Amino acid sequence: MRIKALDHVQLAMPSGREADARAFYSGLLGIPETVKPPQLARRGGCWFERGDLKIHLGVEADFRPARKAHPAFLVDDLDSFRSMLDAAGIAIRTDEPLDGYDRFYIDDPFGNRLEVLTPRQPSSPD
């Protein structure tokens, strides 16, 4: 037996902030919200899914943002994505280089760390 795939990532959020989650994950990042099963919906939080990309936010009573642990989102055009985030007033942080990737970090409305990256294009020989 071995693990086949990652089904979803769950991040924590504070109670009552579902509107902020929707504005950020669906409105800004463009990941559609999906309906949570009724037995889980009463707990609060939101689920955002598009194909294999599944980010679930669950309410945590003693909420503390994930400052080190994080999901990493692949994008096609890092510069355009950065421009969109800049226009929305999202703070962008750079970090040490990662071989083969260009990347930066942002925080969701609750302070959870998110990485955004794209594979670096091989440089053409001159």
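E33 stands opposite F48 in β3. The model described here is predicted. Strand β2 is joined to strand β3 (residues 46-50) by two bridges, and the two run antiparallel.

Both strands belong to an open sheet of four strands, ordered β1-β4-β3-β2, in which the pairing is mixed. At the edges are β1 (9-13) and β2 (33-34), each of which pairs on one side only. Helix α1 lies across β1, β2, β3 and β4 (53-59), and runs at about 15° to β3.

## Helix α3

Helix α3 spans residues 78-87, and its residues L78, F81 and L85 are buried. These three lie on the same side of α3, because they cover an arc of only 65° around the axis. D79 and A87, on the other side of α3, are exposed. The cover over the buried residues of α3 includes α1 (18-28), β6 and β7.

The N-terminal end of α3 is capped by D77, which has a side-chain oxygen 3.3 Å from the backbone nitrogen of D79. After α3 comes G89, with a positive phi near 80°.

Strands β6 (residues 101-107) and β7 (residues 113-119) pair in the antiparallel sense, over seven bridges. D102 has T118 in β7 as its bridge partner.

Five residues lie between the strands of this hairpin, and G111 takes a positive phi near 95°. Both β6 and β7 are also among the elements that cover the buried residues of α3.

Technical notes: Residues are numbered from 1 along each chain as its sequence is written. This is a predicted model: local features need pLDDT of at least 70, side-chain atom pairs count only at pLDDT 80 or more; totals for chains, interfaces and linings use all residues. Side-chain values use heavy atoms; hydrogens and water are left out. Two strands pair if DSSP finds at least two bridges between them. Buried means under 20% relative accessible area, exposed over 50%, partly exposed in between (1.4 Å probe, protein chains only). The arc is that of the directions from the helix axis to the C-beta atoms. Contact means heavy atoms within 4.5 Å. A polar contact is a pair of N or O atoms within 3.5 Å; within protein, one must be able to donate a hydrogen and the other to accept it, and residues adjacent in sequence count only if both atoms are side-chain atoms. Axes are lines fitted to C-alpha atoms, for helices over the stretch in contact, and angles run from 0 to 180 degrees between N-to-C directions.
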